[in-house]
Amino acid sequence: MLDADFFRRWMTATAVSVGHEAERLTALDSPIGDADHGSNLRRGFNAVATAVEEEAPATPGTVLVLAGSRLISTVGGASGPLYGTLLRRTGKALGEAAEVSAEQFTDALRIGVDAVRALGGAAPGDKTMIDALVPAVDALAESFAAARTAAEQGALATTPLQARKGRASYLGERSIGHQDPGATSAALLIATLAETAGE
Ligand code: ADP
Ligand code: MG
Ligand code: MG
């Protein structure tokens with residue numbers, strides 16, 4: 001079973017990982033965006049880590065709702081509301097339980113991913129974070145490690161795609177040949193989930 005401490009550790013591990021990878025994320029956002037994805041997420045997840053440590057929410061759902069709210073309030077770019085919605089809606093779907101099973105979490109994360117799709121209008125293949133999140137949630141029924149691998153493969157598979165959503169879509173065919181920064185950060189988020197679960 002996964003408790004509030006598990007979700008707090010996931011968020012702090014993500015802040016560390018995003019801090020380490022911020023320059024790479026920003027470099028990916030340079031040819032097909034505005035070169036701010038790493039700094040956006042570093043600012044956002046640092047605020048998330050501080051909030052979950054200081055406020056110490058007592059349930060899995062409240063940890064993720066708090067985290068999502070902090071992302072929305074601190075990240076100006078497209079990724080803030082999108083990741084914020086992912087975590088808030090996943091957290092709401094977890095309800096008030098003190099502990100949740102991996103199956104319950106998988107169902108909740110699918111609701112969160114669907115909310116991101118509804119908000120941003122992106123479908124799989126549009127070269128966005130959705131291309132890592134959808135395969136991850138599909139593989140999560142198997143294991144956290146399988147979700148991590150699926151997300152990493154999904155992020156790599158964005159390279160030959162033409163972007164149909166977000167800033168990269170303004171480039172049309174010139175967006176082809178570059179890995180999507182948001183799919184890359186989504187793979188980091190799922191990798192830290194697997195690490196937190198000891199996989
Ligand atoms: P901005 O583009 O506003 O500067 P970021 O650089 O932080 O925001 O985030 C860019 C990432 O957000 C993209 O690489 C993409 O994965 C994701 N993204 C952008 N628009 C959408 C959308 N409509 N749906 C899903 N993801 C999106
Ligand atoms: Mg950007
Ligand atoms: Mg920006």
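These are short notes on a predicted model, taken point by point.

1. **The annotated span.** Start with the record. An unreviewed UniProt entry carries the annotation "domain: DhaL" for residues 5-195. In the model, that span is 71% helix and 1% strand. Its end C-alpha atoms lie 14 Å apart.

2. **Around ligand 1.** Which residues come nearest to ligand 1? They are G77, G120, T128, G166 and G182, out of 23 residues around the ligand. The largest share comes from α8, with three residues.

3. **Make-up of the shell.** Sort the shell around ligand 1 by class. Ten residues are polar, seven are nonpolar and six are charged.

4. **The length of α5.** Helix α5 runs over residues 102-120, which makes 19 residues. From its first C-alpha to its last it reaches 27 Å. That is close to the 27 Å expected at 1.5 Å a residue.

5. **The buried side of α5.** Look along the helix for its buried residues. They are F105, A108, L109, G112, V113, V116 and G120. Why do they sit on the same side of α5? Because they cover an arc of only 145° around the axis. The spacing fits a general rule. An α-helix has 3.6 residues a turn, so residues three or four places apart point the same way.

6. The buried residues of α5 pack against β1 (2-3), α4, β2 (99-100) and α6 (130-139). The face turned away from the buried side carries E103 and A118, both exposed.

7. **A35.** Now check the loops. A35 lies in the loop between α1 (4-32) and α2. Its phi is positive, near 55°, and A35 is not a glycine. Is A35 buried, exposed or in between? A35 counts as partly exposed, because it has 15 C-beta neighbours inside 10 Å. A residue needs 20 or more to be buried, and 12 or fewer to be exposed.

8. **A56.** The loop between α2 and α3 (60-74) holds A56. A56 is not a glycine either, and its phi is positive, about 40°. It has 13 C-beta neighbours inside 10 Å, so A56 counts as partly exposed.

Technical notes. Residues are numbered from 1 along each chain as its sequence is written. Chains are lettered from A and ligands numbered from 1 in the order in which they are written. This is a predicted model: local features need pLDDT of at least 70, side-chain atom pairs count only at pLDDT 80 or more; totals for chains, interfaces and linings use all residues. A residue is near a molecule or strand if its C-beta atom, placed from the backbone, lies within 6 Å of it. Helices (H or I, at least four residues) and strands (E, at least two) are DSSP runs, numbered from the N terminus. Ala, Val, Leu, Ile, Met, Phe, Trp, Tyr, Cys and Pro count as nonpolar, Asp, Glu, Lys and Arg as charged, and the others, Gly among them, as polar. UniProt positions are given in the numbering used here, feature names are shortened, and annotations may be inferred rather than shown by experiment. The expected span of a helix is 1.5 Å times one less than its number of residues. The arc is that of the directions from the helix axis to the C-beta atoms. Two residues are in contact if their C-beta atoms, placed from the backbone, lie within 7 Å.
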